[in-house]
Amino acid sequence: MKWIDVIKNITDIPENEELNNIKIEGINEKSTDIEKGHVFVAIEGYEKDGHSYINHAVEQGAAVVVGQNPIDNLPVPYIQVPDSRKILGQLAANFYNHPCKDKLVVGITGTNGKTTTGLLTTHLLRKAGYSVSFFGTVFNEMNGKRLDSSLTTPSASMIQKFLSESEDDVVVIEVSSQGLQQHRMEGMAFDYGLFTNLQHDHLDYHKTIEDYFMAKKKLFSMLKPEGKAIVNRDNEWGSKLIDLLNEEGKEVLTVSETANADTRYIFKEKEHSELEINQQRIKAKAPLPGKYNLLNLSMATTVLHDLGKNISKLEDMIADLEPIPGRFEVYNLTESVKGIVDYAHTAEALEAVLSTINSNYPEYRLTHVFGFRGKRDESKRQNMVNTSEKFCDRTILTIDDLNGVKEEDMKAAYTELLEPFTSGEADIIMDRTEAISKLFAEADGPTIILVTGKGHEKYKQAFTLPVQSDKEAFVYLSDQA
């Protein structure tokens, strides 16, 4: 593709006759991946600055370099732009010929529920006969092949490349607020945008809850002309989003527990729950317990119904859903002791999980292991500790990811967090596997050991047990027992 075609409709890059006919072979922001004829886009990162790698990219064969900083005396053309993150997505979309236009694209955003809703949507669409690519937190899957995922939302160049290589009918993408803020979705166009909720999180990055909300809202500016929003109206920020989208003339489908919604979910703890769509009632036993998972299923089902697919046999359709990594995964450690792994990382998510456990296992003693990530939103920590105290018989604070914070500093922060703790038992054990092992050793009678925060993720620190995740810790203890 020629340079003039790569920059088509990009207002921040003016045409230059001297460059128009340069042949472009790829777009990349990683100098190590640059090949001859590629465009290297230098991005100012949070830990590394891509402008420092321009010379390396040129040595690798870059034909053109794009960046934000003024740079002289390069042996290849250099284009200075106001925002190279934004330009990266636009260049990639042009280079790969806007692959979104030939696919049904579903984007899912929200503090909690993105992964579960995304995988439920993927599963239901496959049951309806579609082939589906999925890009999300737990893995990426395309053309029937599954790959590890390092980011909730891939980079702009990566997602455009993936879409161009996908032979699937539909693409389902988890869309994070950071991904939206960093323009990783630039050049995308969505048929459906789903909003699960907004809760107190990531304020180390977004600074205010309003900024966090506006980052999420960006997804809905990327809807195709006929695209639709599907929004959880029972979340206060969902209600605000609905009002704003209605003012903008966008089509919105609502999901709620109340009657006047496009999809109403009716949660029943001890029997089959139900969904009501267009006056049609169907049984809807969610594959994971809890009202919040019925909401996730309702969001996914709304997509299927709006596509005109038959949802009357919904329970049969979801019966063979494979377990979702790190989402309410239950392990039978002994006859009387169960371990549960969950990704919950906000006070609201913790409350949803803990209340569900209390409802489903009322006769069990509930113990809880969790921690916090260094250099991340500290303002949510006390509420999470208070939530654990409210529901649990025993709480242990431990390492999640230190992220460069000294262990003794994190332990001191934990000590302060536990000062208001007045009910139940609380302790600090910094070795995550020792904390889990201690609760297992102490278990006397029916006991739940809930471990939250990391879910499917592997440990970044070395701990005592020879394991790499919370799941592996439970499997190891069960084998030892």
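Two strands count as paired if DSSP finds at least two bridges between them. Helices (H or I, at least four residues) and strands (E, at least two) are DSSP runs, numbered from the N terminus. This is a predicted model, where local features need pLDDT of at least 70, side-chain atom pairs count only at pLDDT 80 or more, and totals for chains, interfaces and linings use all residues. Residues are numbered from 1 along each chain as its sequence is written, and side-chain values use heavy atoms, with hydrogens and water left out.

The sheet, then. It is open, with 4 strands in the order β1-β2-β3-β4 and parallel pairing. At the edges are β1 (26–28) and β4 (78–80), each pairing on one side only. Ignoring direction, neighbouring strands are turned by 20° against each other on average. Strand β3 (residues 64–67) runs parallel to β4 and is joined to β4 by 3 bridges; V65 stands opposite Y78 in β4.

Now the helices. The axes of α4 (residues 114–127) and α10 (residues 291–306) come within 8 Å and cross at roughly 40°. Axes here are lines fitted to C-alpha atoms, for helices over the stretch in contact, with angles from 0 to 180 degrees between N-to-C directions. Contact means heavy atoms within 4.5 Å. From α4, T116, T117, L120, T121, L124 and L125 meet N293, N296, L297, M299, A300, T301, V303 and L304 in α10.

Back at the sheet, helix α3 (residues 84–95) lies across β1, β2 (38–41) and β3, running at about 155° to β1.
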